[in-house]
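Please keep the sequence and structure open as you read.

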Amino acid sequence: MKNMNKCSLKSLVFFVSGNRVANRAALTDMATGMVSLATVGVISVILGIFSQNGRLVKIWSYLWPLQKPEPSVLDSFDIRNSSYQFNYDHAHSVRQENMHKYDFKYIPRGVDRRSNLSLQEFIEVYDSKWPVLITDVVPTWKASNWTPEFFLQHYKDDRVTMKAVHGKMDSGKGLALPLFLFLQNIHKSDEMMWTYLEDELFLHTRPELRKDIGDCKYLNEDFFSLFPPSVIPWNAMMLWGTAHSRSSLHIDPYNWTGTNAVLSGTKKWKLFPPGQDHLLYVVHDRRCGFPLDCFKYNSEVDTFAVDEERYPLFKQARYIEFEQKAGELLIIPTGWFHQAYNSEVTLAVSSQVMNSQNYLVVLEEIIKAGNIKRSSLPLHFATLSPKGQVKTVASLLSPDILEKGQKLTEKILKEVQGNVERS
Ligand SMILES: O=C(O)CCC(=O)C(=O)O
C-alpha cells in the first residue's frame, strides 16, 4: 500500500514534468496506481460494511432490499451499560400509528381474530404490542387431528407430567403418570378438583409428534436457535386439561413472546396489559427451572376465583378477557401477565419466540439471572445487529452453564421415568 502510493506520486511528478516518453509511462503507471487505490478503497468500504460495525451493517441493509431488517419497536440501547426496560408506552403508540395504515376494524381494547394477516401488519400492529388470535394457521397443522384415541394407541404407557389440584389452586401437586391414567380420568373434574397435564418435554422428545405442529410465518424469526442446543428453552409444551383446569397468572420465562395453539376444546383467557405488577401480587425471586436459568414471574392470584380479602388491590387491575376456540392461535406479547382456564377438556400446545421485537427484553433476563456478566459484553456490543448481539451473548455462556443445561434436561427426563411424585 505504501509502495503503491509512492509509485502514484512519482507518476504524477513525471506527468507534470512534460517529458513525453516519461509522460506516457507515467500515465500508465499512474492509472494502474489509481485503479489499485480505488480497488483497495472499495474493498475497505465493503469490509467496513460487513465488519462487526452494526451501524454500517444497518445502513447497508437499508440500501440492499434483500437484507431489509424488520421494523422494530426497540430503541437502540446499550445493554452493556445498564439494565434494559422495554418501553410499553412507546410500543403502544407505534401500534396506534401503524393501525392507520391498514384497512381493518380493530377492536380497540379487545382481541382481534385475524386471518390472511400479512407479516408486515403483524409486526407493525401486534408483535410485542398487543395480543392477537390467528384463525387460519392451526387448522393446517396435522396436530389439529390429534385425538385421545391416537395417543392411547401410540403413547399409552409413556409418562407425562401433570398438576393435580384438590381445593385451592396453590394446593396443587406435581405428578408423573402414564398417559392412559390421565386419559381414563379426563372427564372427572369440578371447580375444586381438576388435573392439568403440563409437559414441557413430551413433544420436545418425540420428533414424530413435533413435526405435526406446522409452520407459522409470524413465528419464523427465531433467535433462540442461535444458542447452543443444551440451553435452548424447550419448545412446544403439551397442555391437556380437564374442565376447570387452569394455568397460574404469570409472565412467561425470559419475558418472551408466548404462543398458545388450541387443538381441541376451549380456553378462557385474562390478559393484563403491562405496568400493573403492583396490583398482581407477584412472587419474587423464584427461578424458572429452564436449562438456561431465568427468573419466574408468577402471581399468587387465581383470577378465575379471586380471594378478594387476601388480594384487595387486584380489583383495580385492568385486563382483557376472551375465549379461544379450537383451531385458534393466540400470540401473547412480552410483558403481559396472563392466565388461561380450560372451560372443557382442552388440548393445546404453547410455544415461544425471541425475535427482533423483543430480543433486548430476553437478553436482559438472561443477564439478570446471572448467566453472563454485563461487563463481559464487548465495548462495541450496541453497534451490532440484533442477531449479532444475540450470537455474542450465546458465545459468552460458559462451558459450565452449557453442561448444567444438558444435565438438567437429562435429570427431568429421568425423574419423569422413575418417580410418581415430582417436586
Ligand atoms: O394454556 C394454558 O394453560 C396457559 C399456558 C401458558 O400461559 C404458557 O404456556 O405460558
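**Briefing: a buried threonine, paired strands and a cavity**

Threonine 161 is buried, with a relative accessible area of 7%. Buried means under 20% relative accessible area, exposed means over 50%, and partly exposed lies in between (1.4 Å probe, protein chains only). This is a predicted model: local features need pLDDT of at least 70, side-chain atom pairs count only at pLDDT 80 or more, and totals for chains, interfaces and linings use all residues. Residues are numbered from 1 along each chain as its sequence is written, and side-chain values use heavy atoms, with hydrogens and water left out.

**Threonine 161**
- Threonine 161 sits in strand S3 (residues 159-166). Strands (E, at least two residues) are DSSP runs, numbered from the N terminus.
- Its side chain reaches the backbone oxygen of glutamate 198 at 2.9 Å.

**Strand S6**
- S6 covers residues 237-241, and five of its five residues are buried.
- Met237, Leu239 and Gly241 are buried on one side, and Met238 and Trp240 are buried on the other.
- In a regular strand, side chains alternate between the two faces of the sheet.
- Strand S5 (residues 193-199) pairs with S6 in the antiparallel sense over four bridges. Two strands pair if DSSP finds at least two bridges between them.
- Aspartate 199 has methionine 238 of S6 as its bridge partner.
- S6 also runs antiparallel to strand S15 (residues 346-353), joined by five bridges.
- Here tryptophan 240 stands opposite leucine 347 in S15.

**Strand S8**
- Seven of the eight residues of S8 (residues 257-264) are buried, so this strand is largely enclosed by the rest of the structure.
- S8 pairs with S15 in the antiparallel sense, over seven bridges. Asparagine 260 stands opposite serine 350 in S15.
- S8 also pairs with strand S13 (residues 329-332), again antiparallel, over four bridges. Threonine 259 stands opposite isoleucine 331 in S13.

**The cavity**
- The count is one cavity of 30 Å³ or more. A cavity is a set of points, on a 1 Å grid over the protein atoms alone, where a 1.4 Å probe fits but cannot get out; lining residues have an atom within 4 Å of a point.
- The largest cavity has a volume of about 30 Å³. Volume is the space filled by probe spheres set on the points, which are joined across faces, edges and corners.
- Its lining includes Ile251, Asp252, Trp256, Pro333, Trp336 and His338.
- By class, five lining residues are nonpolar, five polar and one charged. Ala, Val, Leu, Ile, Met, Phe, Trp, Tyr, Cys and Pro count as nonpolar, Asp, Glu, Lys and Arg as charged, and the others, Gly among them, as polar.

How values were computed. 1 Å grid on protein atoms, 1.4 Å probe; cavity = no way out; pocket = protein on both sides within 12 Å on 5 of 7 lines; lining within 4 Å. Polar contact = N/O pair within 3.5 Å; in protein donor to acceptor, adjacent residues only side chain to side chain.
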